[in-house]
Amino acid sequence: MLTRLARLSLRKSLPLVLGFFALIFTLLLTTLYLPRTIDKELHAWRSHTNQLLVLLQSTLSDHLRHGRQAELETALADFASLQGIRWAMVADPQLRVLATTRLGLAPRHLGISAEQVQAQMASGHPAWLEQAGRRYLAVLPLGQTLQRSEESGKALLVDLDFNPLLDRTRFEAWLYLGQILVLLLLLGMLLNRLYHSLITRRLARIDRAARRFAADQEPQPAAVEGHDEIGQLAGTFSQMMSQLHERQQALQDSEQLMRELFDSSPVGMLVVGSGLCIEQANPAAATLFGCAPADLPGKRPRDHLLKGDSLKRLLRTPANTPVELTGLRQGRELPLEVTWTPFMRDGTRHYLLLLRDISARLQAEHRLRFLAHFDPLTHLANRHCLVQRLEQLLAAGTPLSLLFLDIDHFKRINDTLGHEVGDRLLVEIAQRLTRLVPEQALVARSGGDEFLLLLEKRTAEQACELAEALLRGFKAPLQVGQYECFVTPSIGIAGCDGQGDATDLLKQADLALYAAKDAGRNRLAIYSRPLGEAAERRLQLEHELRRALDQQEFVLHYQAQVDDQGRPQVMEALLRWHSPTRGLVLPGEFIPVLEESGMIIEATRWVFREACRQARRWAEQGHALRIAVNLSPLDFRQADLAGSLLAILEEEQPPAGSLELEITESALLDAGDEVQKTLARLKAVGMPLLLDDFGTGYASLTYLQQFPFDGIKIDRQFVAGLPESEHSVALVRGILTMARHLGLHVVAEGVSNERQAAFLRFNGCPSLQGYHYCRPQSAADIERSWSQEPPSGLQPLGH
């Protein structure tokens, strides 16, 4: 039934439901309520009548005992006037009437025999005898029967008719039923009206909005007011339509974007159906195969686009796994990387094929493989390739020799002629090497201007013969454009009998190369055990020096610079290393290692800081002496030398003018504006600048003109020949004369005897330094000597 009602509109279903329930209600009233009401009313009247009869029985019995006939008849008349009582009489057992409310009643009209009356009287209980049509004859005994033979008892007979009462009850029930039905009808009409206003009409508006949205996909809000469930449903439905519209629009935009991406993608895309025929292709795929996009749908890739069984091999691989296949572009082979992805369309399995032309990638990979093993400039093998071959030969136990070549002074060619000419020269060198070495030799460029030659099954003697041949072969110049270049190689040689490690062999050849360079270049050197031991010693020394910087193992010794009277003016700070294993180490043994390793920069900062502290301590003791600090050429290569030294001055706060700096000529080689600015900043804070080792460089006089020096130090090699050597005498006198005219202070170092000191004093040298006066001493030793004869005060340079 509910299913049938659901097929009808709500306007029809609600009245039908109300009518159905009204019918059920009517049936229930007529079948259950009405009979029960009548029975209940009948029972109530019988109970009420019984009570009245009992009261009347008592009253009549009393009247009979006292013989009050009039009162008897009056009581009967009053009782008969009650509703539902037709007549009442008092009779004896033979049905002789003693009193009655209706005249003319004969015993035959009573519907009961005398025997029945006597039997009821004998029982002593009232009895109801049912007559036809809801009529009853009530028999009530009056008085007591003394003996069966004696007929002293009387009986009350009452004719009861309940039909009018029941008719009225039935009428009232039907009237109630009619009223209920009318009320149900009115209520149903009201509910139907409310149902239409609150539910049906509002749902119809939602339905119309839904139909409009289904027709044109444009969301139109349903004109439904209220905050009840239907109003909330309308709001939710409107929100749902808006969201669906937005999602539909987003889906359309996404589809449009996907179509645009599909068409504009640089990667070739093919949509292949279950029959392995192309259903869709983008322009990139058409470009790969050299045709128009419209020419591809309907074709089978295996027939025209992919070579052989490439498609079957592709589909046998896991999805989304790149596979390199050979494609066909107008009959020509094309390397492709293809990836396939399955997907479902309209319940049918399809495949998306992504195709990429990997020609450029293969060329790049070939190029990378070439670069991994060959030098791009000279096309020789690179160091990596040579090391691999070297490891293979050593693993096979093959005797071999290794030559390490370095072109002498190649940097000068780059600086003078330019890097382009330098690169072309390297190509010429590579070609000459290739011509000079045996065919089975492996020639490699290690980097820069370094080359490696690997000779298989060659002894050390054969390697030396080849190295000498290379030295001879490079005597002839190399022509690079309009330039004729003369180059010479330095060659290091290392060999083994098939046992060893590639890294060790390269290190040995490198050590031999450095030995050849130290010996003067343009020559060969063979690795020997002493070279390795020297390298190990130097490496060990470098490690110890690094530890010395960390553990504060360095100390400063001071050597005085005295005036012509032998009084100290300046103390030169000299670095010493107090090693826990080597003892006190002189600077000649470790300063070169500090410079080569770059640790000299940190060491110089430490020396300058200690000199500042010592100058402050001596000033506090009343000894105003200037301390001279040497700067290494490497110090000028740090980013901000002046800033570092000035920061130390700011932190330590030594007395003003208590420090001076000594700079060697080698520090000024290739000096630029930055060095000029650094020296100017240092001089501006009151630190005098002296040019150390004057006369031993290439352009000492030029430096005096370019840089703001306050003085010079005559190198000890000029002082050593005084006064016997005429050349030394002439040079020293010339330097002193020039310095006086330029206003420069002069310090002669290396003064070892009185003859040298006397010559220098006689020729007006203001400051002398050397073992003749004192050796370098620690600050504590110097202070102990001052306890006997304190030094003179600090004098400005030039005085």
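This is a predicted model: local features need pLDDT of at least 70, side-chain atom pairs count only at pLDDT 80 or more; totals for chains, interfaces and linings use all residues.
Residues are numbered from 1 along each chain as its sequence is written. Local features require pLDDT of at least 70 and side-chain atom pairs pLDDT 80 or more, while totals for chains, interfaces and linings use all residues, and side-chain values rest on heavy atoms, without hydrogens and water.

The secondary structure comprises 25 helices and 28 strands, defined as DSSP runs (H or I, at least four residues, for helices; E, at least two, for strands) numbered from the N terminus. The radius of gyration, taken over C-alpha atoms, is 68 Å, whereas a compact globule of 799 residues would have a value near 28 Å (by the rule of 2.2 Å times the number of residues to the power 0.38). Along the principal axes, the C-alpha atoms fill a box of roughly 205 × 90 × 55 Å.

The axes of helices α5 (residues 163–216) and α6 (residues 229–264) come within 10 Å and cross at roughly 5°; axes are lines fitted to C-alpha atoms over the stretch in contact, with angles from 0 to 180 degrees between N-to-C directions. Helix α5 is therefore roughly parallel to α6 (an angle under 35 degrees). Residues in contact (heavy atoms within 4.5 Å) include L198 and F213 of α5 and I230 and H245 of α6.

The axes of α15 (residues 502–518) and α16 (residues 529–551) also come within 10 Å, but cross at roughly 95°. Helix α15 is therefore roughly perpendicular to α16 (65 to 115 degrees). Their contact is formed by L511, A512 and A515 of α15 with L531, G532 and A535 of α16.

Notes:
Angles under 35 degrees count as roughly parallel, over 145 as roughly antiparallel, 65 to 115 as roughly perpendicular and the rest as oblique.
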